[in-house]
Amino acid sequence: MNQALEGLLDLLDLEQIEEDIFRGVSRSSIVPRVFGGQVAAQALVAAGRTAPDERPAHSLHAYFLRPGDPGAPIVYTVDRIRDGRSFTTRRVVAVQHGQPIFHLSASFQTYEEGLEHQAAMPDAPDPETLPTAAEMLPRHLPAHVAERLVEARAAVDLRYVDMPPWGTVGQPREPRSQVWFRANGKLADDSLLHVCLATYVSDMTLLDSVLLAHGRGGWAVGDVVGASLDHAMWFHRPFRADEWLLYDQESPSSSGGRGLGQARIWTQDGRLAVTVIQEGVVRVPR
């Protein structure tokens with residue numbers, strides 16, 4: 001396990017300061033605010049810590065309300081909405097400086113047998129044949145930007161199937177992208193940890209598909225400004241975040257200064273593991 005992944009796992013190991021109240025810290029980000037995936041993952045950790053162990057997370061719905069301050073701790077308060085015979089529901093509010101910065105609702109379910117089907121996994125090359133982020137980014141970004149981006153993503157081995165938006169600035173493309181990802185090291189056999197790692201990564205690249213439609217390079221080159229607005233995930237089947245996962249992403253719409261991304265996450269052997277939908281602010285600087 002590399003040092004960056006150890007640091008991320010430390011971030012997700014929240015301090016419990018009272019019953020149903022947890023405290024987390026932040027890591028440095030390439031923008032002067034807390035990375036949204038970190039807040040979502042920490043909030044899911046807080047919710048999961050209050051749910052029965054035999055009920056894994058099956059969905060989350062969240063809103064990003066204010067930019068997080070990376071220099072201050074974040075307090076997560078969990079509201080135990082309901083514990084039913086099959087489902088557990090939790091609501092989490094993340095607070096900094098006396099104000100809510102993030103809301104999350106999460107649902108957990110006891111495993112049960114039922115009807116089953118899934119869509120077919122899209123074609124994608126073997127992840128081992130693709131360049132790593134550390135190999136790709138310096139080819140297309142200024143050295144200082146590439147270095148910060150590689151450092152920010154060092155806990156995860158993330159590999160682009162096609163050229164990312166900052167590699168084809170000025171060339172509109174189909175609003176679809178794929179990346180393979182996995183944690184940069186072995187993780188414990190804890191289902192909550194694996195869904196939280198996937199939640200963390202899910203906020204890294206989903207809105208790239210919006211940028212591709214307009215030939216914009218994105219946050220890395222500064223030709224758009226933006227932030228996540230809301231985020232939803234459904235966890236369909238068990239998976240491991242330390243094994244290769246295909247993140248297949250597309251954008252069906254952008255309008256009104258907002259862009260919508262939707263995606264599916266697949267295991268390497270073809271099981272549909274997660275569905276993700278996110279809307280974010282995507283603005284062209286004046």
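In this predicted model, 12 strands form an open sheet in the order 1-2-4-5-6-3-9-12-11-10-8-7, with antiparallel pairing. Strand 1 (15-18) and strand 7 (156-160) stand at the edges with a single partner strand each, so one side of each has no neighbour in the sheet. From one strand to the next, the twist averages 25°.

A few notes on reading the model:

- Residues are numbered from 1 along each chain as its sequence is written, and side-chain values use heavy atoms, with hydrogens and water left out.
- Because the model is predicted, local features need pLDDT of at least 70 and side-chain atom pairs count only at pLDDT 80 or more, while totals for chains, interfaces and linings use all residues.
- Helices (H or I, at least four residues) and strands (E, at least two) are DSSP runs, numbered from the N terminus.
- Two strands pair if DSSP finds at least two bridges between them.

**Strand pairs in the sheet**

- Strand 4 (residues 74-83) pairs with strand 5 in the antiparallel sense over 8 bridges, and Asp83 stands opposite Thr88 in strand 5.
- Strands 5 and 6 form a hairpin with 2 residues between them, and His97 in the turn has a positive phi of about 50°.
- Strand 6 (residues 99-109) also pairs with strand 3, over 7 bridges in the antiparallel sense, and Phe108 in strand 6 is the bridge partner of Ala57.

**Helix pairs**

- The axes of helix 2 (residues 36-49) and helix 5 come within 7 Å and cross at roughly 160° (axes are lines fitted to C-alpha atoms, for helices over the stretch in contact, and angles run from 0 to 180 degrees between N-to-C directions).
- That angle makes helix 2 roughly antiparallel to helix 5 (under 35 degrees counts as roughly parallel, over 145 as roughly antiparallel, 65 to 115 as roughly perpendicular and the rest as oblique).
- For helix 3 (residues 133-140) and helix 4 (residues 143-152), the axes come within 8 Å and cross at roughly 155°.
- Helix 3 is therefore roughly antiparallel to helix 4, and their crossing is right-handed.

**The largest pocket**

- The largest pocket has a volume of about 900 Å³.
- Its lining has 27 residues, of which Tyr111, Phe235, His236, Arg237 and Pro238 lie nearest the centre (on a 1 Å grid over the protein atoms alone, a pocket is an open set of points where a 1.4 Å probe fits, with protein on both sides within 12 Å along at least five of seven lines; lining residues have an atom within 4 Å of a point).
- Volume here is the space filled by probe spheres set on the points, which are joined across faces, edges and corners.
- Strand 3 (57-64) and helix 5 (191-205) are the elements that give two or more residues to the lining, and helix 5 gives the most, with 4 residues.

Notes:
A crossing is left-handed if the near helix is turned anticlockwise from the far one by less than a right angle, and right-handed if clockwise.
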